[in-house]
Amino acid sequence: MSSQAPSSAKRPVAGAGGVNPRTPILDPQSTSVNPHSSLAGLSNSTLTRLAKLGIASKFDLVLHLPLRYDDETRLYPISGAPAGQAALVEGKVVECDIKYRPRRQLVCHIADGSGVLTLRFFNFYTSQLKQLAAGTRLRVFGEIRHGFFGAEMVHPRYRVVHGDLPVSRSLTPIYPTTAGLNQDALRRLIERALAECDLGDTLPDAVLAPLKLPRFREAVLYLHNPPPNAAQKDLAEGRHPAWRRVKFDELLAQQLSMRLHYQRRRAVGAPALKLRGTLTRALFERLPFRLTRAQRRALAQIQHDLARPYPMQRLLQGDVGSGKTVVAALAALQCMENGYQVAVMAPTEILAEQHYHKFAAWLADPAADLTWLAGGLRKKEKEQALAAVAAGKAMIAVGTHALFQEEVRFHNLALAIVDEQHRFGVHQRLALRMKGTQPTPGAQPHQLMMSATPIPRTLAMSYYADLDVSVIDEMPPGRNPVSTRLVSEARRDEVIRRIRDACIAGSQAYWVCPLIEESEALQLKTALATYEGLQRTFPELKVGLVHGRLKPEEKSRVMQAFQEGAIQLLVATTVIEVGVDVTNATLMVIEHAERMGLSQLHQLRGRVGRGAGRSTCILLYQNPLTAAARERLKIIFENHDGFEVARHDLRLRGPGELLGARQSGVPLLRFADLSSDVDLLEAARKAADTLVRENAPAVRAHLARWLGERHDYLKV
Ligand code: ADP
Ligand code: MG
């Protein structure tokens, strides 16, 4: 990192979104460690190869840790080399030849008095024949196999020995590498980086000692060059204290940056939206139900945050159907009570429209207060909507990503509600936030993000540590659990019968078409074919079709018809994954369920079981199943709690997928593993607390080392 204040052009977020100049940035002047010194002096081709490995600075080389180690610290006699593992032996070349049977190969015999060993090379240069002339002394490393022709080694690593060559004193690191960059070259670069970089500790002993963690220098030197007696198993499994130190540092850097961001946000102003009760009380009186305890708790947290003079950033998470919308509506009314505007944004038109209808039902004067803003509007309607929003006449604007486009100007936006927040990109959410609260320059709107994809505890503690989280962990009363059935495609007839029975009995059903990731066009084709097929199968039923390519009006017409019962069987692509709420639908069939991810299946399943009747979700699968597909289906069959499903999802896929768009702003963890390193995560959290309170220099040094210039655009 440079010691000058970085130019804003270097910060992608600042460049892209027109960020408020008060966006938190660490003071780059105050760092004493300068780990990100350049790789000057290397050729362009080497730099390109290093870049492929994610290495852009000397310090990146320090953190380029070995995949495994070879033990070349002991020389074995040929006859006494251990079986089943690579070993180092030495011998004199007895004979070396190119053979053509069974295929062209270089065959070299060496002997050391204890025995004879055959070396085979299938890729070789003819010059090697000369290099391996009889009488040459060779040291070779590889695994000895005992075959028909006696002991042999295929493609060993070897070197010619002149005079006395000591064995290596540490294990030989094997690094992840890329074509054109061999282990030796990479090893030399890393050795040099280790010698030239400042490996001094960023953390005080008070943090390290209770955790029994070694100093940073000690840890990285050990990992790059472990002594012969090192516990290879602990190293391989990342349990060795040296590994734990590196993981801890990484987790701590993440905690610190999240925490600093959280603090900086408090320095930004936001309108304090006091709970006045004028509008909220009226909604409570109109609601046909009582809030659950979990809803009340979440609402209280939100109400409290909104009344503060700095922007709330709260994630409201709750399983599908847990009733997040009404909580959001009450927050919106609290904002309106103070004369400020609200934006409600959803990732799909269907979902946005559902919000629109719900809000309309809950507002005293929807015609005056509510505006719809989505892509499909006619020019005239759109102009009217924009004018109403800009004049502050429309108090609540509901829509899709159309809401944060340049042309949309709010009169005084003070609350942005974002549903299914993980589906939006970082920039989109930022743009909405930057719409500002006009009368108070520099202030930002409060943000309420909603998600039905539960975030497992470890993820919440790490990647989401900068947000406040409210959880609705209770379903509204009267819900019946959905029973899940796994049915093989071979028994499709039974499924058809069930749909007929359910619809004749007055229920409705969904048929979810297979997900075809490779091609949207193919997916559409499949959906159309399924629709036609099911129309033929069920001449007595009204069958509808909804998919992502329908025009918004058509889509809402179909959804409306399904809602009203005019359509009994709704064929759908995965567009219905979020937000559709038809209580009379009690049956869902998901075709080719084996292709879908866990959270997707869980979300889909949440579309039924919304009313009083018993609901069923049938997962149709096609044999043969892969092991991974079998495991997913087993998990979804056995687990109904969204948190459990998410926990398994995290275990199977790692955090990248679950994080969705968020990951574009947050570097993923490279070393620590959120399922196995929970103890380190907890420790890092505690340490971050203490350091932020007591040791600002350590915080800066640690962030500079681990995040370098990246840390200033981490957060949205
Ligand atoms: P989600 O959390 O998936 O967004 P919704 O907000 O769409 O869930 O709520 C699902 C359904 O439950 C809606 O029809 C909503 O009106 C209803 N609902 C919400 N809260 C309650 C409650 N406390 N009691 C009964 N029904 C409720
Ligand atoms: Mg919802």
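The numbered points below concern salt bridges, cysteines and surface charge in this predicted model.

1. Salt bridges overall. A search of the whole structure returns 33 salt bridges. Several of them are taken up individually in the points that follow.

2. Asp70 and Arg157. The side chains of these two residues form a salt bridge, with an N to O distance of 3.1 Å. Asp70 belongs to strand E1 (residues 68–70) and Arg157 to strand E9 (residues 157–160), so the pair ties together parts that are 87 residues apart in sequence.

3. Lys379 and Glu383. A salt bridge joins the side chains of Lys379 and Glu383 at 3.5 Å, N to O. Both residues lie in helix H15 (residues 379–391), where they are four residues apart, about one turn of the helix. Lys379 counts as exposed at 64% relative accessibility, and Glu383 is partly exposed with a relative accessible area of 44%.

4. Lys233 and Glu237. Here too the side chains meet in a salt bridge, with an N to O distance of 3.5 Å. Lys233 has a relative accessible area of 56% and is therefore exposed; Glu237, at 41% relative accessibility, counts as partly exposed.

5. A salt-bridge network. Asp201, Asp205, Arg215, Arg245 and Asp249 are linked to one another in a network of salt bridges.

6. Cysteines. The structure holds zero disulfides. Cys96 is in no disulfide, and the nearest cysteine sulfur, which belongs to Cys108, is 4.1 Å away. The cut-off for a disulfide is a pair of cysteine sulfur atoms within 2.5 Å. Cys96 counts as buried, given its relative accessibility of 15%. Cys503 also counts as buried, at 3% relative accessibility.

7. Lys358. This residue lies in helix H13 (residues 349–362) and is partly exposed, with a relative accessible area of 25%. Lys358 and Ala329 are separated by 29 residues in sequence, and their C-alpha atoms are 8.7 Å apart in space.

Notes
Residues are numbered from 1 along each chain as its sequence is written. Chains are lettered from A and ligands numbered from 1 in the order in which they are written. This is a predicted model: local features need pLDDT of at least 70, side-chain atom pairs count only at pLDDT 80 or more; totals for chains, interfaces and linings use all residues. Side-chain values use heavy atoms; hydrogens and water are left out. Buried means under 20% relative accessible area, exposed over 50%, partly exposed in between (1.4 Å probe, protein chains only). Helices (H or I, at least four residues) and strands (E, at least two) are DSSP runs, numbered from the N terminus. A salt bridge is a side-chain nitrogen of Lys or Arg within 4 Å of a carboxyl oxygen of Asp or Glu.
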